[in-house]
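Dear colleague,

I am handing over the structure below, and I would be grateful if you could look through it alongside the notes that come after it.

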Amino acid sequence: QATQGHFTIKTEMAVDGGYDWDGRWNHVRKFLERPGPFAHPDFEPCTESLQFLLEMCKILVIGAGGLGCELLKNLALSGFRLIHVVDMDTIDISNLNRQFLFRPKDVGRPKAEVAADFINNRIPGCKVVPHYKKIQDFDESFYRQFHIIVCGLDSIIARRWMNGMLISLLSYEDGVLDPSSIIPLIDGGTEGFKGNSRVILPGMTACIDCTLELYPPQINFPMCTIASMPRLPEHCIEYARILLWPKEKPFGETSLDGDNPEHIQWVFKKSIERAAEFHITGVTYRLTQGVVKRIIPAVASTNAVIAAACSLEVFKIASSAYIPLNNYLVFNDVDGLYTYTFEAERKENCSACSQVPQNLQFPPSAKLQEVLEYLMENASLQMKSPAITTTLEGKNKTLYLQVFNFTEHTHFFYLGLSDGQELAVADVTTPQTVLFKLNFTT
Ligand SMILES: [Zn+2]
């Protein structure tokens with residue numbers, strides 16, 4: 001029995017080698033072993049749920065940065081023990097203000113390894129397995145072993161790739177999705193004081209690519225504003241960066257390097273001159289560096305809120321005790337505090353999850369370059385470096401690769417492409433090729 005003031009380990013209650021001291025999981029048991037008004041309608045209180053969380057449920061955390069540190073801590077303290085973490089980065093000194101599993105002595109070491117060591121040493125019984133690798137280094141068989149995958153990434157490309165991987169794991173029989181092939185994806189994202197958390201059931205609910213239009217391409221200031229009517233300190237910095245740097249060539253032919261203090265100093269000085277001319281205040285060295293490097297400050301509390309929401313969804317899905325978020329939570333504390341949830345809808349012809357053939361409409365006189373531009377600029381495709389192949393007279397033919405790109409100005413006719421031609425497009429945003437059908441317009 002537990003005694004007051006300290007706990008005693010009760011071996012007869014011990015699970016998995018003795019670290020489950022009496023009362024250790026009381027907080028989790030309250031959710032799993034009692035009924036409640038907010039529980040899932042099909043939920044039946046039982047002790048097996050906790051055993052499942054502790055001993056069977058395998059979670060993959062992608063990213064061991066701002067969100068990843070929070071996710072690992074929350075999941076481990078909620079009872080998840082079989083956790084893998086993938087991160088390709090090493091620790092930088094600027095991470096230490098919010099990535100709290102890291103210390104000054106860890107600078108330069110892989111984030112995944114340090115984070116895993118910290119959690120394993122601090123939380124008895126937890127077995128975090130680190131992978132100092134890229135997500136693209138693993139294949140289907142690796143991802144298939146997990147019950148739930150949580151993403152704490154700062155890259156849309158990586159998110160889309162992960163989304164595509166989970167879609168590729170789905171199996172259909174006579175067009176009907178086999179539910180046992182679904183691995184839920186919980187995705188968290190933050191940008192300064194804004195964040196979102198979402199639950200994706202691949203093949204069933206809206207996927208990352210279904211809502212790609214929510215991630216607009218980088219916003220740039222209009223050139224006319226920068227060139228002739230600046231109003232903001234950022235406009236002055238962009239003027240020095242875009243217009244003065246290539247004109248005055250302060251360091252010869254060297255292109256502007258955001259990590260070079262001399263370069264930033266030069267842009268800073270020129271921006272101040274520009275700002276003075278238009279009576280604009282607020283140009284600082286820090287802002288200059290922020291604009292040049294496109295830095296959006298990371299806010300520790302935003303990460304904490306979003307990671308908490310994501311961890312909660314993992315807990316709900318793993319235990320089946322509560323109804324999961326349906327399916328998109330928005331959080332914003334730029335000014336006051338604002339949050340709401342909505343149901344993002346699947347896109348009927350989503351290029352990632354719909355299984356609907358993608359059509360490309362072009363006149364027969366078009367050039368391959370127009371197809372490339374479309375693939376990269378269309379808001380729901382946003383590809384980065386598409387490679388296009390097709391089958392001509394029974395043979396596979398590469399039409400376009402970035403390193404081998406003399407075909408882009410060639411008309412379809414000369415490439416041998418005809419109406420209804422199937423084009424296979426590979427890109428960094430997806431692990432699978434996307435099939436398009438070329439339809440000639442008249
Ligand atoms: Zn989709």
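Predicted model: local features only at pLDDT ≥ 70, side-chain atom pairs only at ≥ 80, totals over all residues.

Residues are numbered from 1 along each chain as its sequence is written, and side-chain values use heavy atoms, with hydrogens and water left out.

The zinc ion has as its protein donors the SG atoms of Cys-207, Cys-210, Cys-350 and Cys-353, at 2.2 to 2.3 Å; donors are N, O and S atoms within 2.8 Å of the metal (3.2 Å for Na, K and Ca), and sites may look incomplete because water is not among the atoms. The angles subtended by the 4 donor atoms run from 98 to 117°, which makes the arrangement tetrahedral (for four donors, all angles between 85 and 135 degrees). In sequence, the donor residues follow the spacing C-x2-C-x139-C-x2-C.

Turning to the helices (DSSP runs of H or I, at least four residues, numbered from the N terminus), helix 8 (residues 233-248) packs against helix 9 (residues 261-277) at an angle of about 115°, with the axes 9 Å apart; axes are lines fitted to C-alpha atoms over the stretch in contact, and angles run from 0 to 180 degrees between N-to-C directions. Helix 8 and helix 9 are therefore roughly perpendicular (65 to 115 degrees, with angles under 35 counted as roughly parallel, over 145 as roughly antiparallel and the rest as oblique). The residues that meet (contact means heavy atoms within 4.5 Å) include Ile-237, Arg-241 and Trp-245 in helix 8 and Trp-266 and Lys-270 in helix 9. This contact divides into 9 nonpolar, 2 polar and 4 charged residues, where Ala, Val, Leu, Ile, Met, Phe, Trp, Tyr, Cys and Pro count as nonpolar, Asp, Glu, Lys and Arg as charged, and the others, Gly among them, as polar.

Helix 8 also packs against helix 10 (residues 285-292), at about 65° and with the axes 10 Å apart. Helix 3 (residues 66-77) and helix 11 pack at an angle of about 45°, with their axes 8 Å apart, which makes helix 3 oblique to helix 11.

Two backbone features remain. The peptide bond from Asn-326 to Asn-327 is cis, with omega near -15°, and Asn-327 lies in the loop between helix 11 (300-319) and strand 9 (328-332). His-279, in the loop between helix 9 and helix 10, has a positive phi of about 55° although it is not a glycine.

Notes:
Helix = DSSP H or I, 4+ residues; strand = E, 2+ residues; numbered from the N terminus. Tetrahedral: all angles 85-135°; square planar, octahedral: opposite > 155°, others 65-115°.
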